[in-house]
Amino acid sequence: MNKVNRGRLLFLAMAAAMGGFLFGYDTAVINGGEQQIQSVWTLSSFIHGLVMSSALWGTVIGAVCGGKVCDWIGRKPTLFWVGVLYFVSAVWSALAAGPWDLMVARFIGGLGVGASSIAAPVYIAEIAPPERRGQLGGLFQFNIVLGMVVSQFVNWGIGSAGLGDVTWRWMLGAEAIPAFSFTIVTLFISESPRWLAMRGASGRADCPHAAARRYGDIAPYQSFFSRANLRPILLAFCVAMFNQLSGINAMMYFAKRVFEVAGFTPQVALATAAAMSVVLGLGTFAGLFLIDRLGRRTLLIIGSIGCILAHFATSASFVFDFGLLAAICIFPFIIFFAMGQGVVIWVFISEIFPQRFRAQGQSWGSFIHWSFCATLTFVFPAMAESWAPAAIFSFFGTCLVVHLLWAIFICPETKGKTLEEIAS
């Protein structure tokens with residue numbers, strides 16, 4: 001690959017990965033204002049759980065429909081409309097007149113998150129050469145984390161500005177700026193050559209990968225839920241399920257609340273949550289460096305072991321009332337999750353399905369991921385009220401023990417293989 005094509009490839013991958021930035025920003029920004037939203041509108045735990053999970057139920061619908069849309073109109077147009085959904089959600093959320101209004105606005109943003117978790121990883125996987133697919137695919141997760149980091153610092157800055165009861169509106173509305181930027185950038189990317197081939201079109205000269213000429217005989221349709229696809233379907237189900245049963249989104253969405261339980265003041269808790277996002281970014285960067293060197297399966301195993309130890313250490317700290325130690329132990333969990341499950345999930349799911357099922361397979365994995373994420377986010381406020389903190393962390397640690405066994409004995413390695421070799 002010459003320098004021009006290498007530069008073009010990086011631009012296309014980074015442009016698509018910006019969808020991940022908005023993914024991370026949208027899902028984490030609510031953390032800064034969730035307690036104020038509950039207080040301003042005097043919400044019960046049930047209604048508060050609905051508000052907090054409304055975006056995530058949108059992601060479930062976006063994940064279900066996103067694969068078919070991605071195959072129907074193409075990867076590039078799907079990414080464009082994802083940007084539009086994010087922009088509309090941000091503006092509407094900032095102007096919401098009540099909790100039900102906010103739920104609808106957040107649900108629209110969730111549609112964008114669900115669709116981006118399909119279109120962006122699939123697009124990157126289809127334009128990337130095998131030797132760089134892990135790192136380029138990992139850019140999506142890196143941008144998710146970057147979006148989380150930026151949202152936490154935006155929340156911290158806005159929260160320190162003394163805006164009173166409208167603080168949360170500014171937090172949610174600030175997303176409109178990167179959403180508009182992403183929408184414009186998608187106008188300058190080329191369509192996936194493999195999608196063009198699947199649709200019977202010829203490859204374009206500006207595509208960095210000559211896949212369209214090599215895969216012109218790809219069949220455009222066949223039943224997804226079939227015995228032939230059973231193995232990748234089950235693999236996608238497990239990697240997506242365990243990603244959420246690790247407890248990562250419970251920590252990210254309710255980080256401020258968790259740190260207050262550990263004994264921090266609200267302002268210190270908000271700053272610590274922002275610092276946690278930075279640590280997540282560092283772990284993701286390490287995962288990007290290692291994913292094409294050590295492989296996907298190895299990173300899952302290493303990440304699981306570190307997360308298990310961190311969770312049970314946090315649990316023990318709460319049992320013995322060492323609040324500060326409990327808060328410190330959360331950080332190793334964040335690092336090991338980021339470099340393991342965090343980096344691997346979207347790369348792995350985008351690799352394991354045959355070309356004709358790739359978008360549908362990504363849709364399936366995203367659906368499972370977001371279904372578990374939405375369910376956990378919905379029940380976590382009630383869970384936090386009725387369970388001791390030690391029990392919560394022990395639960396997530398136990399789930400990761402099962403994940404470790406799955407990674408060791410069942411999960412295959414996809415490092416260095418072409419998409420066609422993996423699917424064969």
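**Entry 1: Thr414**

I started with Thr414, which sits in the loop between helix 17 (389-409) and helix 18 (419-423). I am working on a predicted model, so I keep that in mind throughout. Is Thr414 buried or exposed? Its relative accessible area is 2%, and since buried means under 20%, Thr414 counts as buried. Next I looked up its partners, leaving out residues up to four places away in sequence. Thr414 touches Arg133, Arg296, Phe348, Glu351, Ile352 and Ile422. Of these I noted that Ile422 falls within the range of helix 18 (419-423).

**Entry 2: the whole chain**

I then stepped back to the fold. I found 18 helices in the chain and zero strands. How does the radius of gyration of the chain sit with what a compact globule would have, and why? For 424 residues such a globule would have a value near 22 Å, and the chain, at 21 Å, agrees with that. Along the principal axes, the C-alpha atoms fill a box of roughly 60 × 45 × 40 Å.

I also checked burial, and 60% of the 424 residues count as buried. For contacts between residues at least 6 apart in sequence, I noted that 83% join residues at least 24 apart.

**Entry 3: surface and charge**

The accessible surface of the chain came out at about 15700 Å². Carbon and sulfur atoms account for 72% of that surface. Counting charged side chains, I got 26 positive and 19 negative ones. The centres of these two sets are 10 Å apart.

**Entry 4: the nonpolar core**

Which residues have the most contacts inside the largest nonpolar core? I listed Phe23, Leu280, Phe333, Ile334, Phe353, Trp370 and Trp406, in a core of 119 residues. Helix 15 (residues 323-352) gives the largest share of this core, with 17 residues.

**Entry 5: two exposed phenylalanines**

Phe225 is in the loop between helix 9 (211-214) and helix 10 (230-245). I have Phe225 down as exposed because its relative accessible area is 56%, and the cut-off for exposed is over 50%. Setting aside residues up to four places away in sequence, Phe225 touches Ile233 and Trp364. I also took a C-alpha to C-alpha distance from Phe225 to Gln360: they are 135 residues apart in sequence and 9.9 Å apart in space.

Phe188 lies in the loop between helix 7 (176-185) and helix 8 (193-198). With a relative accessible area of 55%, Phe188 is exposed too. Which residues does Phe188 touch, not counting those up to four places away in sequence? I found Arg8 and Phe11. From Phe188 to Gly340, 152 residues along in sequence, the C-alpha atoms are 32 Å apart.

**Entry 6: positive phi**

Most residues other than glycine have a negative phi, so I wrote down the exceptions I came across. Thr42 is not a glycine, yet has a positive phi of about 50°. Thr42 belongs to the loop between helix 1 (3-40) and helix 2 (45-73), and is exposed at a relative accessible area of 70%.

Where is Asp321? I placed Asp321 in the loop between helix 14 (296-319) and helix 15. Asp321 has a positive phi near 60°, and a relative accessible area of 67% makes this residue exposed.

Key
Residues numbered from 1 in each chain as written. Predicted model: local features only at pLDDT ≥ 70, side-chain atom pairs only at ≥ 80, totals over all residues. Heavy atoms only, no water. Helix = DSSP H or I, 4+ residues; strand = E, 2+ residues; numbered from the N terminus. Rg over C-alpha atoms; globule rule 2.2 N^0.38 Å. Buried < 20%, exposed > 50% of the residue type's maximum accessible area, 1.4 Å probe, protein only. Contact = heavy atoms within 4.5 Å. Areas by Shrake-Rupley, 256 points an atom, 1.4 Å probe, with all protein chains shown as cover. Lys, Arg positive; Asp, Glu negative; His and termini not counted. Charge placed at Lys NZ, Arg CZ, Asp CG, Glu CD. Core = buried A, V, L, I, M, F, W, Y, C linked by side-chain atoms within 4.5 Å.
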